[in-house]
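Subject: Structure for your review

Dear colleague,

Please find below the sequence and structure that I am handing over to you. My account of what was found follows directly after.

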Amino acid sequence: MAKDSKVVLEAKGITKKFPGVLANDNINFDLREGEIHALLGENGAGKSTLMNILYGLYHPESGEVIVDGNQMQLNSSRDAIHHGIGMVHQHFMLIPVFTVTENIMLGAETDHRAVPNEIPLVKLDRKEVAQKVSDLSHQYGLDVDPEAIVGDLPVGIQQRVEIVKALYRKANILILDEPTAVLTPQEAEDLFRIMHDLTAKGVSIIFITHKLKEVLAVADRITVMRAGRVVGTTTPKESNEQKLASMMVGREVILTVQKKPAEPAEEILRVEDLRVRDVRGLEAVRGVSFSVYAGEVLGIAGVQGNGQTELAEALTGLRHIESGHFTLAGNDLTNKAPRLVTETGLAHIPEDRQRHGLVLSYTITDNMVLCDYYRPPFGKRGVIQQKELDANARKLIKEYDVRTPSPFVAAGKLSGGNQQKVIVARELSRPVKLVIASQPTRGLDVGSIEYIHKEIVAMRDRGVAVLLVSAELDEILSLSDRIAVMYRGEIVDTVNVKETTREQLGLRMAGVHEPA
Amino acid sequence: MQSQIQSSSPTKSLLRTVLDAMLIPFLAILTAVVLGGIIIVLVRGNPFLAYAGLIQGSFGSARALSETSVWATPYIFAGLAVALAFKGGLFNIGAEGQLALGAVATALIGYALPEWLGIDIPAIIHLPLAIIVGMAAGAFWAGIVGFLKAYTGGHEVINTIMMNYIALNSISFLLNGPMKDRDPNNVIARTPLIAESARMPVIFDGLRIHWGFVLALLAAFLVWWMLSKSTLGFEIRTVGLNPDAAKYAGVNVKRIIILTMALSGMLAGLAGALEVTGLNYRHELGFSIGYGFDAIAIALLGKSHPLGVVLAAILFAAMRNGATRMQFLTQLPVDLISMLQALILLFVAADAIIRYIYRIRVQSERVVLTRGWGG
């Protein structure tokens, strides 16, 4: 787009050390006016550190930051904002009970004081700010209602509020930190459109991500980081997914899952006319029926919020079933306790690994027996057998390649990918008949995704039935043997993976019926 | 970030771990003592004399040691009660009521059961029975709160406070009415003396130290063992740290909440039972003087670890017990001790101050004592 326009932000020779780790090693990076410059790298590559330096939150040991040709001393985010740099964090910095306008004016309240040192008690001029918010929102096609309560808005819109907030502070450089991690595919598409609108109007964007497809779709230039260093800068034209993945990981990565044709055997999971309500008491699963057979992967495709979460929770005993029933290996487990379901032969990789899957302050050793602590060899007559726990942890850490200095490290201190590996190790190492994997690779880096996919296929090949719930269409397509599409709590279609296309599934997920 | 992960416990020796955990409380005590000293100087007292008196009065003689242990006994039990609940993610404010109820129940069995049955009960049955009934009373009282929490979501902080009111006022009624000592000379709200068969044997003639102190140390060990070595302890800690993960892991979260509260109340009830059977041989309205509330402070100072609770309880006991000697030597008011305790707790609770003063970097995760309101 703006190939030869001037450089608005430049980082030269940035080096930043943390105890025991060189987070940024002599980084050079520049951003041109009106471009989308993607910063690609795995978790822990040093992307966030670099951005925090650009945003004035960290101070580099050496190197300089140049904004609009002037060398800058950024001591705080206030300085960064002052120089026109705005940041949208992965976790939004919004107050849910405030309106959009209130959130945007927070910290940048219009000051009507005549005398500078007068008591800072002035009437908040909501109207004026609301007008500005509405103007900005129209100007950039953001479509944000200034009067809406932030907590009521969907995640995608909340993100736009963050963008308006930055624009309101007159930002012409936007840093978006993993902006698509929390979005549905449609919301992500909307965001990309907004990003293009913004750059067309002269805003420059740094787009931090680890998703290859997005980078190729939206970026003007791509800089790849690995282990604290810049590996290289390229453009979408000169690159492809395979090349980028290799640059990120530092070795050849197999992006497509290698698997043999499925050999489905006996029925393991049978679900009949299941109805489940969500947290708000609304019917989220509306009469769903399907079966999963030994040795196959059934993928549940669907945009987030179409009842998949509730379905998985109901089948694992975590959510009450209103009507209908399900059987696991012939045992009716409708509304039975989670423990009974587990003991009947379920492995569950939960959607929210930090909330359900792990106790973050427990050691890896303890987390590895979270579901099995009470039965031999780990628990005997009510007493924990520490030696067995230790041996188990050492074995699984090795087998499942969990990267940790020791088994006694708290799970919360591991990277997301390694946390997920702990859960996968625990769940898949048990003798089970059915695996329910919910969003098993959400937020993970390429290397971990590759690994977890391999493990899931290995389970299938061992004759285990796998129910895969994922919002990532690519994941569904590459792992599943059959695909069921969920839309508004119902299964609208079940197809063989060989007889469908990405486009077809996308339409079904959006609720569009094919012409007969 | 792979390499940022810090290795913890296994490489460190046990001693090192213990010392690390004790560092902040120790420095908090030190800082409070120095500040207290300055305050003593300001009111024209001699801080060295005052602290010497405090130590003499609490550890300086056999009698002083005995009295300190007498104070420490209910402190340890009640502190363990609060600490155990903390570990399960529950805030037991009601130890005071559970303790008093345990004492009354034990006293009732102690003085009335032989009358009801019309026989002398052998000590081997009467004493354990009296203690068990006291424990059961505390467990039942706290268990109600656990039940309300598990099945209605009623917050245990509110409910333990309300249960305190019910318990303490009912006891006041009982001690002034149906259970009042009928001795014609008695004007005090107290029960009759319990039968000899319900009393614990004296350890040393002439000293008030009783078997309750030994049992308190034993209880601390058992609580530690239960929490760290048993599957039940694993369940309690898991529910305390992450109830969602506990449910996922197949733990019956409701059952564990009720059980944790009941065990907590049982320890508090035991504190009351031992005060009656080992020390006072009756329950009197004025006997329970805020043990249950100090227990919250003791659990906090001891970082909810049973060993920490024992040490914190002994410290509190020593301060209470040595205060009289301090007053005798320096004419300083006993209230100074309450102030010193408050300062220590302030520094433990706001450990950021201590970390700032002594430039200690955060290395371990903070102990989260309880989840927030509605959590």
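I begin with a pair of helices in chain B. In this predicted model, helix α3 (residues 62-87) of chain B and helix α7 (residues 211-229) of chain B have axes that come within 8 Å and cross at roughly 15°. The helices α3(B) and α7(B) are therefore roughly parallel to each other, as angles under 35 degrees count as such. Their crossing, that of α3(B) with α7(B), is left-handed. On the α3(B) side, the residues that meet α7(B) include B:Ser69, B:Ala72, B:Ile76, B:Phe77, B:Leu80 and B:Lys87. Among their counterparts in α7(B) are B:Gly212, B:Phe213, B:Ala216, B:Val223 and B:Leu227. Sorted by class, the contact of α3(B) with α7(B) has 11 nonpolar, 3 polar and 1 charged residues.

Helix α2 (residues 47-59) of chain B packs with helix α12 (residues 306-330) of chain B at an angle of about 130°, and their axes are 7 Å apart. At this angle, α2(B) and α12(B) are therefore oblique to each other. The crossing of α2(B) and α12(B) is right-handed. In α2(B), the residues taking part include B:Leu49, B:Ala50, B:Gly53, B:Ile55 and B:Phe59. They meet residues of α12(B), among them B:Ala318, B:Met319, B:Asn321, B:Arg325, B:Phe328 and B:Leu329. By class, the contact of α2(B) with α12(B) has 11 nonpolar, 8 polar and 1 charged residues.

I turn next to the sheets of chain A. In one of them, 4 strands form an open sheet in the order β2-β1-β4-β5 (chain A), with antiparallel pairing. The edges are taken by β2 (21-32) and β5 (70-72) of chain A; each has a single partner strand, so one side of each is left without a neighbour in the sheet. From one strand to the next, the twist averages 25°. Within this sheet, strand β1 (residues 7-18) of chain A pairs with strand β4 (residues 62-67) of chain A in the antiparallel sense over 5 bridges. As one example, A:Thr15 has A:Ser62 in β4(A) as its bridge partner. Helix α1 (residues 47-54) of chain A lies across β1, β2 and β4 of chain A and runs at about 120° to β1(A).

Another open sheet of 4 strands has the order β12-β11-β14-β15 (chain A), and its pairing is antiparallel. Here β12 (283-293) and β15 (331-332) of chain A stand at the edges with a single partner strand each, so one side of each lacks a neighbour in the sheet. Strand β14 (residues 321-328) of chain A pairs with β15(A) in the antiparallel sense over 2 bridges. A:Thr327 stands opposite A:Asp332 in β15(A). Helix α9 (residues 308-315) of chain A packs on this sheet and touches β11 (267-277), β12 and β14 of chain A; the direction of α9 makes about 60° with that of β12(A).

Finally, a word on confidence. For the complex, the predictor gives an ipTM of 0.84 and a pTM of 0.80. Chain B has a mean pLDDT of 88, and 93% of its residues reach 70 or more. Over residues 1-11 of chain B, however, the pLDDT is below 50, and this stretch has 26 contacts in the model beyond near neighbours in sequence. For residues 364-375 of chain B, pLDDT likewise stays under 50, and the model has 15 contacts beyond four places in sequence.

With kind regards

Notes. Residues are numbered from 1 along each chain as its sequence is written. Chains are lettered from A and ligands numbered from 1 in the order in which they are written. This is a predicted model: local features need pLDDT of at least 70, side-chain atom pairs count only at pLDDT 80 or more; totals for chains, interfaces and linings use all residues. Two strands pair if DSSP finds at least two bridges between them. Two residues are in contact if their C-beta atoms, placed from the backbone, lie within 7 Å. Axes are lines fitted to C-alpha atoms, for helices over the stretch in contact, and angles run from 0 to 180 degrees between N-to-C directions. pLDDT is the predictor's confidence in each residue, from 0 to 100. Angles under 35 degrees count as roughly parallel, over 145 as roughly antiparallel, 65 to 115 as roughly perpendicular and the rest as oblique. A crossing is left-handed if the near helix is turned anticlockwise from the far one by less than a right angle, and right-handed if clockwise. Ala, Val, Leu, Ile, Met, Phe, Trp, Tyr, Cys and Pro count as nonpolar, Asp, Glu, Lys and Arg as charged, and the others, Gly among them, as polar.
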